[in-house]
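Subject: Structure for your review

Dear colleague,

Please find below the structure that I am handing over to you, followed by an account of what was found in it.

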Amino acid sequence: MFDLTGKCALITGASGGIGGAIAKALHAAGATVGLSGTREAPLQALAEELGERAFVLPCNLSDAEAVAALPKQAAEAMGAVDILVNNAGITRDNLFMRMSDEEWQSVIDVNLTATFKLCKGVLRGMMKARWGRIVNISSIVGATGNPGQGNYAAAKAGMVGMSKSLAYEVATRGITVNAVAPGFIETAMTDKLNDDQKAAIMGQIPAGRMGTPEEIAAAVLYLSSPEAAYVTGTTLHVNGGMAML
Amino acid sequence: MSDIPDRVRKIVVEHLGVEEDKVTESASFIDDLGADSLDTVELVMAFEEEFGIEIPDDAAETIQTFGDAVKFIKEAS
């Protein structure tokens with residue numbers, strides 16, 4: 001089950017905890033992976049760890065030209081882009097009353113606009129192939145909101161609406177577009193929380209623990225697989241029961 | 001150059017699965033040949049590849065009929 005042999009997957013934010021786990025899971029299922037991210041060193045390290053079928057494709061998603069070029073670079077390196085995982089994301093948290101236009105815009109640009117452009121950039125190849133998988137990594141806060149994250153929550157909710165709209169348009173072409181919405185996951189992003197914050201979060205998670213990057217990767221692997229052909233426009237919530245949506 | 005209409009017709013016939021004689025000068029892809037809006041996007045993509053040209057989005061929107069397509073491609077190539 002979930003055999004991705006012969007498929008080529010582009011993963012953004014592959015230098016991070018969740019992105020790296022996604023890349024490993026898709027690679028383990030047989031896919032060729034294009035590892036994109038801003039920091040080249042961890043991408044190289046991951047590529048070396050994976051060995052064959054791994055390409056490093058550095059890209060700063062806040063650079064519009066670099067975003068426009070990435071789908072083409074990925075297709076040239078791997079031969080195609082059959083699977084796109086928009087996982088990269090940034091946070092610029094601030095209280096709504098204090099949030100600057102720059103904090104708002106930078107999060108929208110990287111988390112939402114770059115996702116739009118990358119989806120658009122890979123569609124031509126997927127339409128011709130009559131097969132494609134797009135998985136956009138949203139967040140629980142896109143559904144529930146979160147104080148201090150007006151920008152991030154807006155971008156993550158925006159990804160869901162965008163995914164559904166695109167899913168409608170390309171469903172007849174064998175292309176599925178879905179979102180995965182992680183809850184609190186053990187990554188560098190959540191390591192920054194202090195003990196009190198962590199304890200407060202744990203109290204809200206029925207599972208009583210944070211999730212692992214591998215648990216997100218498993219959801220992405222499923223949605224990327226041939227077996228998930230009839231699943232489109234959905235959001236798979238992976239959050240330990242924190243929000244049952 | 002003179003074979004442009006034939007090459008365009010071949011793409012339309014293959015892509016939309018219609019009879020060749022239905023693809024007349026004034027045949028609208030959507031109204032007469034059963035295309036949906038995404039089909040028209042794919043037709044434009046196919047024209048771009050067949051003729052090695054770039055069809056910008058605003059121009060693509062004006063290509064509604066077989067005749068429109070032939071005219072645009074003749075001018076562009």
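The lining of the largest pocket in this predicted model consists of 29 nonpolar, six polar and 10 charged residues. The greatest contribution comes from α4(A), with 12 residues.

The second largest pocket has a volume of about 1400 Å³. It is lined by 47 residues, and G89(A), I90(A), T91(A), Y152(A) and M189(A) are the closest to its centre. Two or more residues each come from α1 (17–28), α5 (140–144), α6, α7 (188–191) and α8 (195–202) of chain A. The lining of the second largest pocket divides into 20 nonpolar, 22 polar and five charged residues.

I turn next to the contact between the chains. Chain A contributes eight residues to the contact and chain B contributes 10. The size of an interface is often given as the accessible area lost when the parts come together. Between chain A and chain B, about 730 Å² is buried, and carbon and sulfur atoms give 44% of that area. On the side of chain A, the residues that lose the most area to chain B are R124(A), M127(A) and R173(A), which together account for 67% of what that side buries.

Side chains of opposite charge can pair when their charged atoms come close. The structure holds 14 salt bridges over all chains, and seven salt bridges are counted between chain A and chain B. One salt bridge joins R173(A) to D39(B), with the closest N and O atoms 2.6 Å apart. This pair crosses between chains: R173(A) sits in the loop between α6 and β6 (175–182) of chain A, whereas D39(B) belongs to helix α2 of chain B. Both R173(A) and D39(B) are buried.

Within chain B, R7(B) has two partners to report. The side chain of R7(B) meets that of D3(B) in a salt bridge of 3.5 Å, N to O, and that of E50(B) in a salt bridge of 2.9 Å, N to O. Because E50(B) lies in helix α2 of chain B and R7(B) in helix α1 of chain B, the latter pair ties together parts that are 43 residues apart in sequence. R7(B) is partly exposed, with a relative accessible area of 28%. D3(B) counts as partly exposed at 33% relative accessibility, and E50(B) is likewise partly exposed, with a relative accessible area of 36%. Salt bridges that share partners also form one network, which joins R130(A), R173(A), D36(B), D39(B) and E42(B).

Helix α4 of chain B (residues 66–76) has as its buried residues F66(B), G67(B), A69(B), V70(B), F72(B) and I73(B). These buried residues pack against α1 (4–16), α2 and α3 of chain B.

S224(A) is part of helix α9 (residues 213–224) of chain A. Why does S224(A) count as buried? Its relative accessibility is 0%, and a residue is buried when that value is under 20%. Leaving aside residues up to four places away in sequence, S224(A) touches L4(A), L26(A), I83(A), W131(A), R133(A) and V135(A). G17(A), by contrast, lies in helix α1 of chain A and is partly exposed, with a relative accessible area of 43%. The C-alpha atoms of G17(A) and G158(A) are 23 Å apart in space, and the two residues are 141 apart in sequence.

Yours sincerely

Note on methods
Residues are numbered from 1 along each chain as its sequence is written. Chains are lettered from A and ligands numbered from 1 in the order in which they are written. This is a predicted model: local features need pLDDT of at least 70, side-chain atom pairs count only at pLDDT 80 or more; totals for chains, interfaces and linings use all residues. Side-chain values use heavy atoms; hydrogens and water are left out. Helices (H or I, at least four residues) and strands (E, at least two) are DSSP runs, numbered from the N terminus. Buried means under 20% relative accessible area, exposed over 50%, partly exposed in between (1.4 Å probe, protein chains only). Contact means heavy atoms within 4.5 Å. Ala, Val, Leu, Ile, Met, Phe, Trp, Tyr, Cys and Pro count as nonpolar, Asp, Glu, Lys and Arg as charged, and the others, Gly among them, as polar. On a 1 Å grid over the protein atoms alone, a cavity is a set of points where a 1.4 Å probe fits but cannot get out, and a pocket is an open set with protein on both sides within 12 Å along at least five of seven lines; lining residues have an atom within 4 Å of a point. Grid points are joined across faces, edges and corners, and a volume is the space filled by probe spheres set on the points. Buried area is the accessible area (1.4 Å probe) that two parts lose on being put together, summed over both. A salt bridge is a side-chain nitrogen of Lys or Arg within 4 Å of a carboxyl oxygen of Asp or Glu.
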